[in-house]
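The structure is shown first, and the points follow by topic.

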Amino acid sequence: MAEFVGGFATSHTLMASTGVEPQAARVVNGMVEIGQRVRALEPDLVVLVSNDHLFTFDLGLQAPFIIGVDDWHTPYGEMDIPREPHRGHRAFAEEFAGFAAAEGFDIAQGQGLQLDHGMAIPLMFIDPGRQLPIVPLYLNIMMQPIPTFA
(Lines give C-alpha, C1' and ligand atoms only; values in the text may rest on other atoms or scores of the structure.)
Protein backbone atom coordinates (compact mmCIF):
# COMPACT_ATOMS: atom_id res chain seq x y z
CA MET A 1 0.00 0.00 0.00
CA ALA A 2 1.31 3.43 -0.95
CA GLU A 3 1.29 6.35 1.42
CA PHE A 4 1.09 9.94 0.19
CA VAL A 5 3.66 12.00 2.14
CA GLY A 6 3.50 15.42 0.47
CA GLY A 7 2.37 17.53 -2.45
CA PHE A 8 4.10 20.53 -3.96
CA ALA A 9 3.52 22.83 -6.92
CA THR A 10 5.96 25.12 -8.68
CA SER A 11 6.71 26.90 -11.89
CA HIS A 12 8.34 24.55 -14.35
CA THR A 13 10.60 27.04 -16.02
CA LEU A 14 13.26 29.53 -15.14
CA MET A 15 13.28 32.96 -16.67
CA ALA A 16 15.87 35.46 -17.74
CA SER A 17 16.41 37.65 -14.70
CA THR A 18 17.30 40.89 -16.50
CA GLY A 19 14.91 43.53 -15.24
CA VAL A 20 12.99 41.15 -12.99
CA GLU A 21 15.73 40.01 -10.62
CA PRO A 22 13.53 39.90 -7.47
CA GLN A 23 10.83 37.84 -9.20
CA ALA A 24 13.37 35.44 -10.73
CA ALA A 25 15.07 35.01 -7.35
CA ARG A 26 11.70 34.13 -5.75
CA VAL A 27 11.11 31.40 -8.35
CA VAL A 28 14.57 29.89 -7.86
CA ASN A 29 14.41 30.19 -4.06
CA GLY A 30 10.98 28.55 -4.08
CA MET A 31 12.30 25.62 -6.12
CA VAL A 32 15.25 25.25 -3.74
CA GLU A 33 12.88 25.21 -0.76
CA ILE A 34 10.59 22.66 -2.39
CA GLY A 35 13.59 20.44 -3.08
CA GLN A 36 14.64 20.66 0.57
CA ARG A 37 11.13 19.86 1.78
CA VAL A 38 10.74 16.88 -0.54
CA ARG A 39 14.09 15.42 0.51
CA ALA A 40 13.23 15.96 4.19
CA LEU A 41 10.16 13.73 3.72
CA GLU A 42 12.42 10.90 2.51
CA PRO A 43 9.94 9.61 -0.10
CA ASP A 44 10.38 6.24 -1.79
CA LEU A 45 9.50 7.78 -5.15
CA VAL A 46 8.23 11.01 -6.69
CA VAL A 47 5.18 11.28 -8.95
CA LEU A 48 5.66 14.27 -11.25
CA VAL A 49 2.57 15.85 -12.79
CA SER A 50 2.89 18.23 -15.72
CA ASN A 51 1.37 18.97 -19.07
CA ASP A 52 3.22 17.94 -22.20
CA HIS A 53 4.50 20.85 -24.26
CA LEU A 54 3.91 18.98 -27.54
CA PHE A 55 7.36 17.39 -27.31
CA THR A 56 6.07 13.90 -26.54
CA PHE A 57 2.45 13.68 -27.69
CA ASP A 58 0.79 14.79 -30.88
CA LEU A 59 -2.42 14.02 -32.71
CA GLY A 60 -1.45 10.34 -32.69
CA LEU A 61 -2.05 10.04 -28.92
CA GLN A 62 -4.70 12.16 -27.24
CA ALA A 63 -5.46 10.53 -23.87
CA PRO A 64 -6.40 12.90 -21.03
CA PHE A 65 -3.82 11.26 -18.72
CA ILE A 66 -0.67 9.38 -19.68
CA ILE A 67 1.65 7.74 -17.15
CA GLY A 68 5.23 6.78 -17.92
CA VAL A 69 5.88 3.12 -17.17
CA ASP A 70 9.62 2.76 -17.69
CA ASP A 71 12.65 1.78 -15.70
CA TRP A 72 14.46 4.96 -16.82
CA HIS A 73 13.29 8.41 -17.99
CA THR A 74 15.68 10.65 -19.90
CA PRO A 75 15.13 14.39 -20.41
CA TYR A 76 14.97 15.79 -23.94
CA GLY A 77 17.74 18.19 -23.00
CA GLU A 78 16.10 21.38 -24.20
CA MET A 79 17.03 24.56 -22.31
CA ASP A 80 20.48 23.04 -21.56
CA ILE A 81 18.94 20.48 -19.18
CA PRO A 82 21.34 17.55 -18.70
CA ARG A 83 20.27 14.43 -20.60
CA GLU A 84 21.11 12.20 -17.65
CA PRO A 85 18.46 9.52 -17.00
CA HIS A 86 16.29 9.33 -13.89
CA ARG A 87 15.34 5.97 -12.49
CA GLY A 88 11.68 5.08 -12.98
CA HIS A 89 9.41 2.82 -10.94
CA ARG A 90 7.61 0.64 -13.47
CA ALA A 91 5.74 -1.51 -10.91
CA PHE A 92 4.26 1.51 -9.11
CA ALA A 93 3.39 3.23 -12.40
CA GLU A 94 1.55 0.16 -13.71
CA GLU A 95 -0.34 -0.28 -10.43
CA PHE A 96 -1.20 3.44 -10.39
CA ALA A 97 -2.53 3.23 -13.95
CA GLY A 98 -4.64 0.18 -13.12
CA PHE A 99 -6.06 1.83 -10.00
CA ALA A 100 -6.82 5.08 -11.86
CA ALA A 101 -8.54 3.20 -14.69
CA ALA A 102 -10.65 1.24 -12.20
CA GLU A 103 -11.70 4.56 -10.66
CA GLY A 104 -12.91 5.85 -14.02
CA PHE A 105 -9.92 7.88 -15.21
CA ASP A 106 -9.17 7.79 -18.94
CA ILE A 107 -5.48 6.96 -18.55
CA ALA A 108 -2.93 5.48 -20.93
CA GLN A 109 0.43 3.91 -20.17
CA GLY A 110 3.41 5.11 -22.16
CA GLN A 111 6.84 3.60 -22.60
CA GLY A 112 9.90 5.38 -23.95
CA LEU A 113 8.60 8.79 -22.89
CA GLN A 114 11.21 11.49 -22.42
CA LEU A 115 10.92 14.31 -19.90
CA ASP A 116 10.53 17.84 -21.16
CA HIS A 117 11.38 20.93 -19.11
CA GLY A 118 8.03 20.78 -17.30
CA MET A 119 9.32 17.80 -15.33
CA ALA A 120 13.07 18.03 -15.77
CA ILE A 121 13.57 21.51 -14.29
CA PRO A 122 11.73 20.81 -11.02
CA LEU A 123 13.63 17.50 -10.80
CA MET A 124 16.95 19.37 -10.88
CA PHE A 125 15.91 20.96 -7.57
CA ILE A 126 14.00 18.06 -6.03
CA ASP A 127 16.56 15.33 -6.70
CA PRO A 128 19.80 16.76 -8.08
CA GLY A 129 21.64 13.47 -7.52
CA ARG A 130 18.94 11.49 -9.36
CA GLN A 131 18.55 9.06 -6.43
CA LEU A 132 14.73 8.90 -6.22
CA PRO A 133 12.69 6.83 -8.64
CA ILE A 134 10.18 8.94 -10.54
CA VAL A 135 6.81 8.31 -12.16
CA PRO A 136 5.82 10.94 -14.75
CA LEU A 137 2.11 11.66 -15.11
CA TYR A 138 1.21 13.83 -18.08
CA LEU A 139 -1.98 15.87 -18.29
CA ASN A 140 -3.15 16.48 -21.83
CA ILE A 141 -4.29 20.09 -21.81
CA MET A 142 -3.40 20.79 -25.44
CA MET A 143 -5.75 18.56 -27.45
CA GLN A 144 -9.21 17.02 -27.08
CA PRO A 145 -10.13 15.14 -25.01
CA ILE A 146 -8.67 17.08 -22.10
CA PRO A 147 -9.24 15.94 -18.50
CA THR A 148 -12.57 17.00 -17.04
CA PHE A 149 -12.92 18.61 -13.63
CA ALA A 150 -14.56 15.40 -12.44
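Within the sheet, I66 stands opposite Y138 in β6. The model is a predicted one, in which local features need pLDDT of at least 70, side-chain atom pairs count only at pLDDT 80 or more, and totals for chains, interfaces and linings use all residues. Residues are numbered from 1 along each chain as its sequence is written, and side-chain values use heavy atoms, with hydrogens and water left out.

**The sheet**

- Four strands form an open sheet in the order β1-β6-β2-β5, with mixed pairing; two strands count as paired if DSSP finds at least two bridges between them.
- The edges are taken by β1 (46-51) and β5 (107-110), each of which has a single partner strand, so one side of each is left without a neighbour in the sheet.
- On average, neighbouring strands of this sheet are turned by 25° against each other, direction ignored.
- Strands (E, at least two residues) and helices (H or I, at least four residues) are DSSP runs, numbered from the N terminus.
- β2 and β6 pair in the antiparallel sense over three bridges, and F65 stands opposite L139 in β6.
- The pairing of β2 with β5 is parallel and runs over four bridges; here G68 stands opposite G110 in β5.
- β2 is covered on both faces, with F65 and I67 buried on one side and I66 and G68 buried on the other.
- Buried means under 20% relative accessible area, exposed means over 50%, and partly exposed lies in between (1.4 Å probe, protein chains only).

**Helices against the sheet**

- α3 lies across β1 and β6 and runs at about 145° to β1.
- Axes are lines fitted to C-alpha atoms, for helices over the stretch in contact, and angles run from 0 to 180 degrees between N-to-C directions.
- A97 belongs to helix α2 and is buried, at a relative accessible area of 6%.
- Leaving aside residues up to four places away in sequence, A97 touches I67, I107 and Q109; contact means heavy atoms within 4.5 Å.
- From C-alpha to C-alpha, A97 and F4 are 16 Å apart in space, while 93 residues separate them in sequence.

**Salt bridges**

- Side chains of opposite charge can pair when their charged atoms come close.
- Four salt bridges are found in a search of the whole structure; a salt bridge is a side-chain nitrogen of Lys or Arg within 4 Å of a carboxyl oxygen of Asp or Glu.
- One of them joins the side chains of R37 and E33 at 2.6 Å, N to O.
- R37 and E33 are four residues apart in helix α1, which means that about one helical turn separates them.
- Both residues of this pair are partly exposed: R37 has 48% relative accessibility, and E33 has 36%.
- Another salt bridge brings together the side chains of R90 and D70 at 3.8 Å, N to O.
- R90 lies in helix α2 (residues 90-102) and D70 in the loop between β2 (65-68) and β3 (72-73), so this pair ties together parts that are 20 residues apart in sequence.
- R90 is partly exposed at a relative accessible area of 24%, whereas D70 is buried at 10% relative accessibility.
- The side chains of E84 and R130 also meet in a salt bridge, at 2.7 Å, N to O.
- This pair links distant parts of the chain, 46 residues apart, with E84 in the loop between β3 and β4 (86-87) and R130 in the loop between α3 (117-126) and β6 (134-139).
- E84 is partly exposed, with a relative accessible area of 37%, and R130 is partly exposed as well, with 31%.

**Surface patch**

- A nonpolar patch on the surface is formed by V5, F8 and L41, which together have about 240 Å² of accessible area.
- Patches are made of residues with over 30% relative accessible area and no salt bridge, where like charges are joined within 9 Å and nonpolar side chains (Val, Leu, Ile, Met, Phe, Trp, Tyr) within 5 Å.
- Accessible areas come from the Shrake-Rupley method with a 1.4 Å probe, and for residues only the protein chains shown count as cover.
- L41 lies in helix α1 (residues 21-41) and is partly exposed, at a relative accessible area of 38%.
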